[in-house]
Amino acid sequence: MSEERYFPNPYSDYDERVHGNSDEFVPTATIHKLIRHFVELILNNPDKNQREDLYVGAAGTAFMFWKLAKSAETAHLYPCLDHAAKYILQAKTLAGKKGNSPKNSIAFLCGNAGIAAVSAAISHAQGNHQDARASVGEFLKGYPACGQAEGYDADEVLVGRAGYLHGAYWLNQVIDPKPIENTVINDLCNVIVKRGRLYASNQRARSPLMYAYHGKEYLGAAHGVSAILHALLESHWFIAATEGGKFENCPPSMLADIRNSIDFVLSLQTSDGNFPTRRDSDRCLVHWCHGCAGIIYLLAKAYLIFKDERYLEGCRSCANSIWQRGLLRKGPGICHGVAGNGYAFLLMYRLTGEKQYLYRAAKFAEFLASNTCSAQLFAPDRPYSLYEGLAGAVCFLVDVLEPSAAAFPFMDVFERKVNLNIVS
């Protein structure tokens with residue numbers, strides 16, 4: 001990866017002899033100040049060419065305010081749910097002008113499925129349960145087309161079946177009772193496996209499951225096989241049985257194909273901990289969308305399920321690569337920016353409990369306040385958005401304040417009970 005893509009890391013790494021047992025690597029007041037600064041920039045700079053979606057549109061800003069409302073550390077800073085409701089209404093209004101094609105209905109990060117899911121979460125948090133049910137109904141409009149193997153060709157995260165699945169899991173995490181039934185998830189997982197097998201067979205791929213997006217076999221989280229496999233691992237197929245280490249509802253042949261496909265991805269990890277952007281490429285990027293900062297979530301989930309130390313070592317190698325080359329020049333966002341890479345350290349802290357990873361996350365948060373990073377805040381095409389810009393950075397900073405519950409948006413690898421608490 002060219003040094004032109006990232007800033008040299010100016011920080012010394014964690015040293016227990018120097019840092020001791022402290023968890024206070026960045027003062028809370030500093031993070032609060034930075035959150036307020038970023039949010040004020042978002043509120044005071046409305047996008048004249050606003051998109052509606054989660055990725056770079058109004059729904060992403062709505063999600064940010066929903067997240068602020070969920071945290072005891074930040075809920076008092078703004079009328080968060082009021083702002084969330086305003087932005088999600090804006091998103092729905094814009095989406096309504098485009099209609100509800102199968103593609104828009106399925107697409108989670110870049111379409112109507114994501115708008116509907118965040119709308120449901122906001123309404124639920126406000127106590128408007130009828131509106132929440134209606135929004136869940138809108139989300140489920142993508143299911144008929146998504147649940148068929150033919151007729152829709154995208155299986156990746158931004159507009160495809162894996163993104164829709166991650167949205168379904170998120171809804172089941174934040175709304176009680178869980179609104180998405182296992183039958184829906186089961187159908188989607190079956191279709192994803194069927195399509196992956198067919199493509200891999202036709203291409204004579206070394207992986208039992210493989211997928212293409214616009215003819216390219218990506219590996220990373222945005223368009224690639226890693227996030228598709230991750231979506232399968234989050235299903236009820238992989239709830240460990242109490243005896244024998246078996247898995248419920250996952251046929252042995254599917255289990256073998258999924259596991260061997262994960263091992264294929266792991267086999268492509270380079271000596272410096274990164275991954276190529278595509279199966280047939282040697283280009284490497286340290287991004288969530290393409291590279292180790294996104295593939296780490298697949299390896300972490302695989303480690304939690306299979307307890308195979310190879311996956312944990314793969315995660316550690318990813319984290320080391322991100323520490324060296326993760327202070328990106330592309331801005332503060334979570335798709336291909338500083339905050340997205342910082343999230344990998346919060347994942348590792350939850351996975352291992354090791355303070356070096358909390359320290360590293362704190363240093364990436366500190367970098368967001370630096371003059372070096374400030375000069376790049378507006379480098380992205382959509383500098384205030386969730387995935388490219390400041391809204392994503394705000395979500396990361398909120399999670400730095402509460403690292404024991406931190407999760408990259410819509411990709412929490414840890415099993416958790418529904419959190420219904422909105423701080424008043």
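One aromatic cluster is formed by Tyr55, Trp288, Tyr297, Tyr343, Tyr387, Phe396 and Phe408. The structure is a predicted model, in which local features need pLDDT of at least 70 and side-chain atom pairs count only at pLDDT 80 or more, whereas totals for chains, interfaces and linings use all residues. Residues are numbered from 1 along each chain as its sequence is written, and side-chain values use heavy atoms, with hydrogens and water left out.

Rings of Phe, Tyr and Trp (for Trp, its six-membered ring) are taken to pair if their centres lie within 6.5 Å, and a pair counts as stacked with planes under 30 degrees apart, as edge-to-face with planes over 60 degrees apart, and as tilted for the rest. By this rule, the count comes to 29 aromatic pairs. In one of them, the ring centres of Phe63 and Phe410 are 4.7 Å apart and the planes stand at 45°, so the pair is tilted. Because Phe63 lies in helix H3 (residues 58-70) and Phe410 in the segment after helix H18 (390-401), this pair ties together parts that are 347 residues apart in sequence; helices are DSSP runs of H or I with at least four residues, numbered from the N terminus. Phe63 counts as buried at 3% relative accessibility, and Phe410 counts as buried at 8%, where buried means under 20% relative accessible area (1.4 Å probe, protein chains only).

The rings of Phe65 and Tyr78 have their centres 6.4 Å apart and their planes at 80°, so this pair is edge-to-face. Phe65 lies in helix H3 and Tyr78 in the loop between H3 and helix H4 (80-96), so the pair ties together parts that are 13 residues apart in sequence, and both Phe65 and Tyr78 are buried.

Conventions: Helices (H or I, at least four residues) and strands (E, at least two) are DSSP runs, numbered from the N terminus. Buried means under 20% relative accessible area, exposed over 50%, partly exposed in between (1.4 Å probe, protein chains only).
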